[in-house]
Amino acid sequence: MQHLKQKVVVITGGGSGMGQQAARLCAEAGAVVALIDVNEAGMQATCAMHENIHAFAADITDFSAVTGAVTSIESDLGPVFRVYNCAAIMPFGKLIEQDNATAHKIMDINYGGLLNLSQAVLPGMVSRGQGEFISFASMAGIIPTMVTGAYSASKAAVAFFTEILYHENIDSGVKFACVCPPPVDTPLLDQGRSTHWPKMLESGPNPIKPEEMINAIEAHLAAGKFWVYHGKGAKVGPLMRRLAPGLIWKQCHDVEGF
């Protein structure tokens, strides 16, 4: 992260979890960090970690609010060099039983927020011919699991969107990384546990630590790798999904019991 010294880093969802830890580590490396979140209390807690962290309250689902925040960030702090799109929610439930508004909100935040942020910040990065854009998908968007349908669909959308975004800007000078983590030990897991936690996740490996995932992202970026697979089973997951989807679904039905 030493190359981030005095560079501006934008982090959505920086009021908690992965975004909060990314903010801390980037600030400690000398970056100027700008948080975009609706969680103002959480952002203040993150800002208290380091003097180089600044809060910009905005709803990631509101395109005008996001563009306004990016404009303010670049006016106050300078041109954006790195972006972490961490903002997400994760309520679980069967697709025909989950509250309709909640299912729409998952897509609006997890995918719609990425769309808004990309269109607000990437034109400037591309015009400058440099920068790093980090998008958080999930193994849940690659390996299907029952009772995670709306969340998994949103993360599958994130993965496809980011992959196409990368190829459309492959010669721009901007580096892209699509992060597909297994469960990470953040408050986001509590949303799933408080709704309908899949037995598949309960029977899997323990969640990894956020800092471990962030360090893996750095290693992948340095190596020029677009897909960031890290954690037990993460590297074989996409291969299994492609070659043996029936086995995945059989295990899922056996474990979930329906």
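Let me start with Lys155, which, once its neighbours within four places in sequence are set aside, is in contact (heavy atoms within 4.5 Å) with Ala88, Asn110, Phe136, Ala137, Ser138 and Gly141. This is a predicted model, in which local features need pLDDT of at least 70 and side-chain atom pairs count only at pLDDT 80 or more, while totals for chains, interfaces and linings use all residues. Residues are numbered from 1 along each chain as its sequence is written, and side-chain values use heavy atoms, with hydrogens and water left out.

Lys155 lies in helix H5, residues 149-168; helices (H or I, at least four residues) and strands (E, at least two) are DSSP runs, numbered from the N terminus. Lys155 is buried and yet has no salt bridge, the nearest side chain of opposite charge, Asp37, being 13 Å away. Here buried means under 20% relative accessible area, exposed over 50%, and partly exposed in between, with a 1.4 Å probe and protein chains only; Lys and Arg count as positive and Asp and Glu as negative, whereas His and the chain ends are not counted. A salt bridge, in turn, is a side-chain nitrogen of Lys or Arg within 4 Å of a carboxyl oxygen of Asp or Glu.

Turning to the sheet, we have an open arrangement of 7 strands in the order E3-E2-E1-E4-E5-E6-E7, with parallel pairing. Strand E3 (53-57) and strand E7 (227-228) stand at the edges with a single partner strand each, so one side of each is left without a neighbour in the sheet. Two strands pair if DSSP finds at least two bridges between them, and strand E1 (residues 8-12) pairs with strand E4 (residues 80-85) in the parallel sense over 5 bridges; in E4, Tyr84 is the bridge partner of Ile11.

How many salt bridges does a search of the whole structure find? The search finds 8. In one of them, the side chains of Arg82 and Glu132 meet at 2.7 Å, N to O. That pair links distant parts of the chain, with Arg82 in strand E4 and Glu132 in strand E5 (residues 131-136), 50 residues apart, and both Arg82 and Glu132 are buried.

Glu28 and Arg24 also meet in a salt bridge, at 3.3 Å, N to O, and because they are 4 residues apart in helix H1 (residues 17-28), about one helical turn separates them. Arg24 is buried, with a relative accessible area of 19%, and a network of salt bridges links Arg24, Glu28 and Glu211.
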